[in-house]
Amino acid sequence: MNKFPREKDISGCSIFGLINTDGEKVSGSVITDAISVMHDRANGLGGGFSGYGIYPDYPDDYAFHLFFDSVKAKEETEELINKHFLIEYDEKIRTDNSVNLPNKPLLWRYFVKNRNILSKDSEREETFKAVMDINNNIEGAYVISSGKNMGVFKGVGYPEDISKFYRLEDYSGYIWTAHGRFPTNTPGWWGGAHPFGLLDWTIVHNGEISSYDTNRRYLEMYGYRCNLVTDTEVITYLFDFLVRKNNLPLPLASKILASPMWADIDRMEEKKRELLKALRMTYAGALLTGPFSVILGFENGLMGLGDRLKLRPLLVGKNDNTVYISSEECAIRKICPDLDSVYRPKGGEPALFMLDGKYV
Amino acid sequence: MSNIIPEFNVDKNEDRCIKCKVCVRQCSEGVFKYFDEFDLIRIYNDKCIGCHRCEMMCPTDALTITKNTALYKENSHWSSYTINSIKKQAETGGMILTGSGNDKAYVSYWDKMLLDASQVTNPPIDPLREPMELRTYLGKKPEKVILKEENGDISLETKLAPQIKLETPIMFSAMSYGSISLNACESLASAASKLGTFYNTGEGGLHKKLYKYGKNTIGQVASGRFGVDTEYLDTCAAIEIKIGQGAKPGIGGHLPGEKVTVEISETRMIPSGTDAISPAPHHDIYSIEDLKQLICLIKEATNYEKPVFVKIAAVHNSAAIASGIVRAGADVIVIDGFRGGTGAAPSVIRDNTGMPIEIALAVIDQRLRDESIRNEVSIVAAGGIRSSADAVKAMALGADAVYIATAALIAMGCTLCQKCYKGKCNWGLTTQDPVLTRRLNPAIGSEKLTNLVTSWNLEIKEILGSMGINAIEALRGNRLRLRGIGLTELESKILGIEHAGM
């Protein structure tokens, strides 16, 4: 499916995210309106969305969204899924085929439960391993999202076309992220579109990280396989690695990915200095350099983060109980003309917003 | 009578020569001899080692040293070097000795790797405008950091193993007091302290005069254990166990008694005038578990406050050895490639043993990653690093830092004549002759070394900026930014890099 598998994916982009911190849901058409304002930041070679809270009928099942290149890949995948999980329900993802998009893969979703009763941590680890197994070992099968009560919808096209294709207005969620892509390679490859998802993590990303291979080789020591050759994949895995596997709070994980300069760390008071020094030294392989701004979605929150030199745009707008994070202010104003406040987080400063208002 | 044809021609332009006799005084090899009765300077070509000291010191530019091209009839199999070696051995019955690193025409992989740079999609970073971080910490890192929380206050639970802080990923490699002069040692020590980096005592012990540079000193513990006592271990910032050296893997060292002056004997803690012999193996290390014991012993003796380095020569099973060294508890592994220098080694070993640092480094870094233990150790690459570009390529292959020594000697005047083992170095570097050591002023030596590393730092920052990278750790192991040029598929695979255009 990917014509240029050896090349690293490079793309410029528009990104957008919103969260209703009270958990009230909005339709996918809202975020479609916002991202479509930034049409010119994309080139029609990739668009996508992630929504949280969209599967109220199966809230406790892992929702697997898959791209298949062939029926054979689907059969092999189902055999593998069956080994680890009980499939509660599965179906072809409903699409509007009047939208003309190139190279459409077979799109399927599965709602699955672990076969064994496990703690939350080991349940997530089992699911992580199954996703890695499918992505690595089954040719032509790609798990594009694998969290609970959430899903990723993406493909080759402008975001507004992708939204129409997936009938996004039919879904409603309390967190949404969106992406319009301007790739300079991997044309026509659906897997290269954003958001990139693993468990309930999703990332939309604008930028190109110059530290890619350092990060990839670091992650591969800990069981991650980066076979999509995109920066986004690596960033997603780094969050998963630092937060889920190393139990670090998200704000500190952000200080690893976009670390303060040594000169700034040196000036901090002792306790904080020793903490950040230890994190930067230990997780040196997780430092991201080069331009990026990302929006990270997860089951109970949304976070924006820019690189430490702030080489790509990112701003935050707030209105009542809704927070918007976007590449450009115009996209926020389109869906919410009157904002209580707007600010631009500094490079490396995480903008974190939680469902109940507090990070735990 | 010797029947060896001289390697060099010393040509003196009589019109320019003013008979000042600088050449006579400068040449420690006795190439020039002045005959008072005839007011004549006689030249003995056969004694010339090609160090160019006379040429550079002659105030009227009257001297030119050239290679003796008429040496022997050209022969692509029997080179002049080979013929002369055979003749020397036939005359003496001894091994041919040499100094410095392997000078043979083996492939240099540094010259077959190109760096990537940023264009459009990823902006280059201008080091004159943006911070560019070279700071590096060497030492064992934990697999994960564990935090504790008290009243909402997050702090460290994990206690990190001891680390040393480098303001540049370039250190000065091991050269002992004995193999080099005290002035050369002091130049290195003082430059390391000015640069915020480290120099290494070799196995020459630590002269009292240099104790003040202790926090920039890596103290070596080698098979001879020269100069090692509690004070030595306490003074140095880190301790390096030397197992091997790139220029002479599997070979020990030998400082002849005549070089063991009173000061050297005090520093090495041996009687003056006796040979200082470093055995080929440590006689308490015949296996990896023995190495582990020595590592533990040193850690115990230094109260677990100093990182312990283990240095090995690059040999064919380095990767497996390195893995064992990590599991034996070393905090830093030093790998010394076959281009690395030596004060003295048998030519046959220097020229035919070991392997390129590029390959050893690439396979060791990958092996430690395959075993998920790369984070538990820092890797220092040594042996023939010639430039900032070589250093950057080493870090992209996976090194945390590099050691330089030959380049440091060159900065202090060395011209690579490779006669270090004779102890008559005209530049005052590899000699203990007080007439000669005076030629190196430690203040000037230190300034030259500081300049060299400062200029490399500037170049490294420029290279990082062009790659869109602003912290050295994001270069470490970033092999995608290295591309092979003219490498075979197998070589690319071993180095773990793609070919240019891929």
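**Close-up 1. Cys54(B) lies in helix 2 of chain B.** Helices (H or I, at least four residues) and strands (E, at least two) are DSSP runs numbered from the N terminus. The model is predicted: local features need pLDDT of at least 70, side-chain atom pairs count only at pLDDT 80 or more, and totals for chains, interfaces and linings use all residues. Residues are numbered from 1 along each chain as its sequence is written, with chains lettered from A and ligands numbered from 1 in the order in which they are written. Cys54(B) is buried, with 25 other C-beta atoms within 10 Å. A residue counts as buried if 20 or more other C-beta atoms lie within 10 Å of its own, exposed if 12 or fewer, and partly exposed in between, the C-beta atoms being placed from the backbone. Not counting residues up to four places away in sequence, Cys54(B) touches Cys23(B), Gln26(B), Cys27(B) and Leu63(B); contact requires C-beta atoms, placed from the backbone, within 7 Å.

**Close-up 2. Cys51(B) lies in the loop between strand 3 (40-43) and helix 2 (53-57) of chain B.** This residue is buried, with 26 other C-beta atoms within 10 Å. Residues up to four places away in sequence aside, Cys51(B) touches Thr415(B), Cys417(B) and Asn426(B).

**Close-up 3. An unreviewed UniProt entry annotates Cys27(B), Cys48(B), Cys51(B) and Cys54(B) as "binding site".** They are spread over 28 residues of sequence but cluster in space, with a largest C-alpha distance of 10.2 Å. UniProt positions are given in the numbering used here, feature names are shortened, and annotations may be inferred rather than shown by experiment.

**Close-up 4. Domain 1 (8-94) and domain 2 (169-426) are assigned in chain B.** The bounds come from an automatic or database domain assignment. The C-alpha centres of the two domains of chain B lie 34 Å apart. In chain B, 9 residues of domain 1 are in contact with 5 residues of domain 2. On the side of domain 1 that touches domain 2, the residues divide into 3 nonpolar, 4 polar and 2 charged. Ala, Val, Leu, Ile, Met, Phe, Trp, Tyr, Cys and Pro count as nonpolar, Asp, Glu, Lys and Arg as charged, and the others, Gly among them, as polar.

**Close-up 5. Ala73(A), Thr77(A) and Ile81(A) are buried in helix 2 of chain A.** They cover an arc of only 65 degrees around the axis, which puts them on the same side of helix 2 of chain A; the arc is that of the directions from the helix axis to the C-beta atoms. On the other side of this helix, Val71(A), Glu79(A) and Lys83(A) are exposed. Elements covering the buried residues include strand 4 (62-68) and helix 3 (120-137) of chain A.

Terms used:
Contact = placed C-beta atoms within 7 Å.
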